[in-house]
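Hello,

Here is the structure for your files.

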Amino acid sequence: MIDFQFMLELIFMGICVGSVYSLIAHGFNITFWTTKVVNFAHGPFLMFCSMLILMFLSIGFPWIVAILLEMFSISIIGVILERVSVRPLVKSPTSMGWIVATLGVGLFLQALATKIWGAQALAFPAFIFESTDYVPILGISMSLQYLLVLGTGLGIMLIMELVMKKTIWGKAMKAVSFDPDLASVMGIKSKSVVTISFILSALLAGVAGLLIAPIYGNVAPDFGMNIMVLGFVAAVLGGMGSSKGALIGGMTLGVIEKLVGGYISTSAEHGVAFAILILILAIKPEGLFGIKAVQKV
Amino acid sequence: MNKRYSKIVCGGLLLSVFMVIGTACSSSGNQVDGDPSETIKIGMTSALTGPYSEYGEGNKRGVELAIQKWNDDGGINGKTIEVEILDDQLVPDTAAINLQQLLDDEEIVAIIGPAGSGPAMATVPITEANGMIHINPVAQTPEITYPNGTDHGPRKNVFSFALQNDVESEVLGSFAGEKWNKIGLIHESTAYGKTGMDLVEGVLEDKFSIEAVAREEYNQKAPDMTAQLAKLKKAGAEVIVCVGLGADLANIRKGMSRLDMNIPLVATNGALSLPYKEGAGDLVVGTIGTMIGVFGDDPLSPEAEEFAEAYSEAYGKDRYWGDRDNPQLFMSLSVSNGYDAANVLFEAIKNADSTESSKIIEAMENIQNLNGVNASYSFSETKHHAIDIEHIGLFEYVKEGDEIILVPYEK
C-alpha cells in the first residue's frame, strides 16, 4: 500500500531541491540566448558570490551593502569572462573553445577562492529566513528558504518570458543570437548585447549564491561546481534557452531524484539525473520546452 | 542545434572529468636541510591543501610543535629533528607516490602517515614491505593497524594514535542500544562510514539483540539527504545514529528539522566539529557526539595545558582552537593527536638510541604509561593502537543563555 505522506514528502522536497536547479538553469539560459554558449563558470560564479558576501559581512558591512558590493564585483568578473574567454572564441561557429575557456575560468575562480578563503567550508549565515522557519503544507513542513528560492525562480521565469516576448531588448537578443553580424547591420550593438547578457547571468549567479548558500549552511570552493552540474541537467531537460523549461526541468529533475531515492535507492539519486540527460539528448535533444532548430540547406 | 547540443554534452563530460581530477594535481613540500650526521629526519604525507585539509594541516601543526619542543630541548640525543612534509590532498594515489618519494630519501627514518583512511590504506602496504616504522595519526579504519581484524595481531611497523572506528563504534553502539530500541542508521559512503556503521550494527546485534529499523548512506558533500531521512522516518526510527563528517551532519540535521523529525541525533566525532556547529546553527542543541575527552576536562591535565600554551603561542586562538578559552574538544583529533604521535615517536627513537626501524619499533612496543595530551600511551607486541574506550566521552550541545556549549552527556 502506498504511503501518501511519505510520497508527498518526497515530492515536496523534490520540488524544493529542484527549484535550486532551476535557479542555476536560468543563469545558463541568458548567455545561451545571445551567444549559444553555456557558461560552465556559472557554478563557480555562484560560489564566488557567496564567498564575497561572507567577506563583506565579515568586514562589518550590513547585508544590503554586502549584496550590492558582491553584485558589482561579480558583474565585473562577468564582463572579464565574456571579453577574455568567450568573445575571441565564438567568432568561429565550429569552435568548441568556449567550453574549455568557460570551464577554465570556473576552475580558476575555484582555485582563487581556495587561495583567498581556504579550502574548508565556511558557515553562511541565515538570510531573510532562519533554517528553522517552516510553513506546513498538507501536513509537511516546507522550508521558507526553499520556498523563497522557488518563488524567485518563478519570478525570474515570468520576467524573462516577458522580456523575451514583449520588449525590444528581447528581440535584440534573439537577433544577436540568430546572426550577430546581421544584427549589427540592423543597428543593434551586438557586442554590447552579449556583454550585458553575461552581466545579467553573473547577477543571476549572485542571486542564486545569496539564496542557496543559507540552505546548505556551508560554502566551500567546490560548492558551485557540484550543483551546477545538476542545474545543467535541468536546463537540458527543460530545453536550453527556455525559461519555462528551466523552471519545470529543475523541479521535474528534483522530484524524480527524490522519488528514485525514496522508492528505489538513494545511491541512484544523482545517477538518475545523468540517465535523464542521456535519454533526453537521445530522444528529444531540444528538451521539454526548447525550440527545435531547423537548418535550411 | 544538434551540433550545439553535442558541444554542450562534450562540455558536460569535460566538466565531470575536471571535477574528478581537479583536486588531485598539486603537491607542495616543506623541506629543511642540514648535516645528515647531526639530524634525524622524519617524512610525512598529509592533506595540506584541498577540501579535506582540516585534519592534515592540523596534524602538520601538531608535528611541528612537537619538533620545536624537542629541538628547543636539545633534540634527540643531541641530534636536531627535521621533517619533510608532502601534500597528498587526501588522494590515495598521491599519498602512495609521496610515500615512495619519502622512502627514496635515505635520511628519512620514520613516516607519519596521511590524514584519512583511504590514503592510509594506500600507504601502509608500502611501508610494511619496506619495514619502515609508520605512525598513523588520524585515520580511523582499524584495518590500517590490524589488517586481519582487531582480534588478530597488528602490522609490525604501524602504530596508531587515531580514534579507531571500532573504539568509537563500540561507544556509539553501546550508548544507542542502552537507550533506544528503534534505531535508524545513516552513514557516509566512504570506507570510514561503511566500516564504522558495520561495527555499530555489530554492537547493537551482539550486545542488545537490536536490529536497526533502517540503514541509509550518502555521498560526502551530497547537497540533500531528504530521501534517506524520509525513509528512516517512515521506518519509525526513535533516534538517528550517524557516522559522518561535520558539514554533512549539518545537512542531515537541517533535513531532519525540515521533515519534522523531532528525535535525537547521535553521531561520531564530526558532530563536535566546527563545520557542524556553524552549519546547523541552533539546531545542534541536543545532538550527542563521541570524542576523545581530554579537552573536556576542567582543569586540563598538565600535558594538555602545556600543549594549549604552545599552540596559542604559535598560532593564536584560531579556527582549530575554537571560540572558547580552552581548546575545543575537536582539537584532540585535528592537532594534539599529531603532537602526541610525534612526541611518542621521538621518545622511542631516543630510547632506541638508533634510527634503525626495527629498533625504533621495538622501543615503541616497550613504551608504557607515557603521558601525552590525549592519553597515557602504552604499546606492546600485540597492541599497536593508543586510544581506547576509557579515553572516549559522550558530549551534548546545550543552550546556556544565548550561547550553545558542549557539555559531557549525563546518562
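A polar contact here is a pair of N or O atoms within 3.5 Å; within protein, one must be able to donate a hydrogen and the other to accept it, and residues adjacent in sequence count only if both atoms are side-chain atoms. By that rule, 8 residue pairs, both at pLDDT 80 or more, are in polar contact across the interface of chain A and chain B. On the side of chain A that touches chain B, the elements giving two or more residues include helix 1 (4–35), helix 4 (97–117) and strand 3 (140–143). Helices (H or I, at least four residues) and strands (E, at least two) are DSSP runs, numbered from the N terminus.

This is a predicted model: local features need pLDDT of at least 70, side-chain atom pairs count only at pLDDT 80 or more, and totals for chains, interfaces and linings use all residues. Residues are numbered from 1 along each chain as its sequence is written, chains are lettered from A and ligands numbered from 1 in the order in which they are written, and side-chain values use heavy atoms, with hydrogens and water left out.

Interface. Chain A puts 60 residues into the contact and chain B 45 residues, where contact means heavy atoms within 4.5 Å. The two chains bury about 4400 Å² between them, 63% of it on carbon and sulfur atoms. Buried area is the accessible area (1.4 Å probe) that two parts lose on being put together, summed over both.

Salt bridges (a side-chain nitrogen of Lys or Arg within 4 Å of a carboxyl oxygen of Asp or Glu). Glu9(A) and Lys233(B) form a salt bridge at 2.6 Å, N to O.

Within chain B, Asp105(B) pairs with Lys41(B), their closest N and O atoms being 2.8 Å apart. Asp105(B) is in the loop between helix 3 (92–104) and strand 4 (108–112), and Lys41(B) is in strand 2 (residues 39–46), 64 residues apart. Both residues are buried, meaning under 20% relative accessible area; exposed is over 50% and partly exposed in between (1.4 Å probe, protein chains only).

Asp198(B) and Arg215(B) also form a salt bridge (2.8 Å, N to O). Asp198(B) is in helix 6 and Arg215(B) in strand 8, so the pair ties together parts 17 residues apart in sequence. Asp198(B) is partly exposed at 43%, as is Arg215(B) at 27%.

Regards
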